[in-house]
Amino acid sequence: MGRIRSIQCAGDFVECGVNAGFLSSAILSYLDWDGLGKRFYLIDTFEGPVMEQFSDEEIARGRRAAAQQSCSAGAYVTDIARVRRNYSEWRGIEIVKGRVPDVLQAIDTKSVAFLHLDMNCAYPETSALRHFWPYVSNGGIVLFDDYAYFGFDEQGRAIDEEIAALRAELLVLPTGQGLILKT
Ligand SMILES: C[S@@+](CC[C@H](N)C(=O)[O-])C[C@H]1O[C@@H](n2cnc3c(N)ncnc32)[C@H](O)[C@@H]1O
């Protein structure tokens, strides 16, 4: 059983960019998830990044080439049965296969306590932030995996523009992640 048995913040958990589920599985293990009564939406193409979503600046910076290389090396999980098996021990798990932002219309939660964005590409990350922001609860967390990570400058800049429009504030973490606490 996980260590955290109650969470004050209302709402479900959402991750865009799941792959094999490293971070979300760690979160689920750390929490006493089944006792919380929340849902965890895990959204991914489960086919790797969407190559046409990279901007010209990201392509120039080598982000699309890096994604293509990772795909060729088999770094992205395509076996959805394996993903389902990984999460079968927890309740309230919604595995959603599709492209962000197109697939977001299918997500029925209207209250989000935790949003994790880890798609390594500016367009789906800013689109997902814009989509979910009105639903993020007071005290809810938005975590960007690569906001200030080496080589992700274009993504960080695009997120900066989006959060300025939302009048949000972001804390940069030494890991390269970016964290917003919505108040
Ligand atoms: C770096 S991995 C995610 C790692 C994961 N968070 C973990 O803890 O291991 C990036 C994932 O984003 C997914 N992805 C990229 N662009 C996407 C998009 N537009 N829609 C849905 N998934 C996307 C890829 O398929 C890939 O699995």
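Which residues are linked with Asp-12 in a network of salt bridges? The network joins Asp-12, Arg-39 and Asp-108, where a salt bridge is a side-chain nitrogen of Lys or Arg within 4 Å of a carboxyl oxygen of Asp or Glu. The model is predicted, so local features need pLDDT of at least 70 and side-chain atom pairs count only at pLDDT 80 or more, while totals for chains, interfaces and linings use all residues. Residues are numbered from 1 along each chain as its sequence is written, and side-chain values use heavy atoms, with hydrogens and water left out.

The structure contains an open sheet of 7 strands with mixed pairing, in the order β3-β2-β1-β4-β5-β7-β6. Helices (H or I, at least four residues) and strands (E, at least two) are DSSP runs, numbered from the N terminus, and two strands pair if DSSP finds at least two bridges between them. Strands β3 (93-97) and β6 (171-172) stand at the edges with a single partner strand each, so one side of each has no neighbour in the sheet.

Strand β4 can be followed through its pairings. Strand β1 (residues 12-16) and β4 (residues 112-117) run parallel and are joined by 5 bridges. Asp-12 has Val-112 as its bridge partner in β4, and Glu-15 stands opposite His-116 of β4. Another 5 bridges connect β4 to β5, again in parallel, with Leu-115 placed opposite Val-142 in β5. In β4, 6 of its 6 residues are buried; buried means under 20% relative accessible area, exposed over 50%, and partly exposed in between, with a 1.4 Å probe and protein chains only.

Helix α1 (residues 22-30) lies across β1, β2 (40-44), β3 and β4, and runs at about 170 degrees to β2. For such angles, axes are lines fitted to C-alpha atoms, for helices over the stretch in contact, and values run from 0 to 180 degrees between N-to-C directions. Helix α5 has 8 of its 11 residues buried, so the rest of the structure largely encloses it. Among the buried residues of α5 are Glu-125, Ala-128, Leu-129 and Phe-132. The buried residues of this helix pack against β1, β2, α2, β4, β5 and α6.

The nonpolar interior comes next. A nonpolar core is a set of buried Ala, Val, Leu, Ile, Met, Phe, Trp, Tyr and Cys residues joined through side-chain atoms within 4.5 Å. The largest such core has 25 residues, and Cys-16, Ile-43, Leu-117, Phe-132 and Val-142 have the most contacts inside it. Two or more residues come from each of β1, β2, β4, α5 (122-132), β5 (136-144) and α6 (153-165). A second, separate core has 20 residues, including Phe-13, Phe-40, Val-77 and Ile-95. Contact means heavy atoms within 4.5 Å. Leaving aside neighbours within four places in sequence, the contacts of Cys-16 include Ile-43, Leu-117, Ala-128 and Phe-132.

Charged side chains complete the picture. The whole structure holds 7 salt bridges. In the pair formed by Asp-12 and Arg-39, the closest N and O atoms are 3.5 Å apart. This pair links distant parts of the chain, with Asp-12 in strand β1 and Arg-39 in the loop between α1 and β2, 27 residues apart. Asp-12 is buried at 11% relative accessible area, whereas Arg-39 is partly exposed at 28%.

Glu-52 and Arg-99 also form a salt bridge, at 3.0 Å from N to O. Because Glu-52 lies in the loop between β2 and α2 (56-60) and Arg-99 in the loop between β3 and β4, the pair ties together parts 47 residues apart in sequence. Glu-52 is exposed, at 57% relative accessible area, and Arg-99 is partly exposed, at 40%. Within helix α6, Glu-154 and Arg-157 are 3 residues apart, or about one helical turn, and their closest N and O atoms in a salt bridge are 2.8 Å apart.

Not counting residues up to four places away in sequence, Asp-146 touches Asp-118, Asn-120, Phe-152, Gln-155 and Gly-176.
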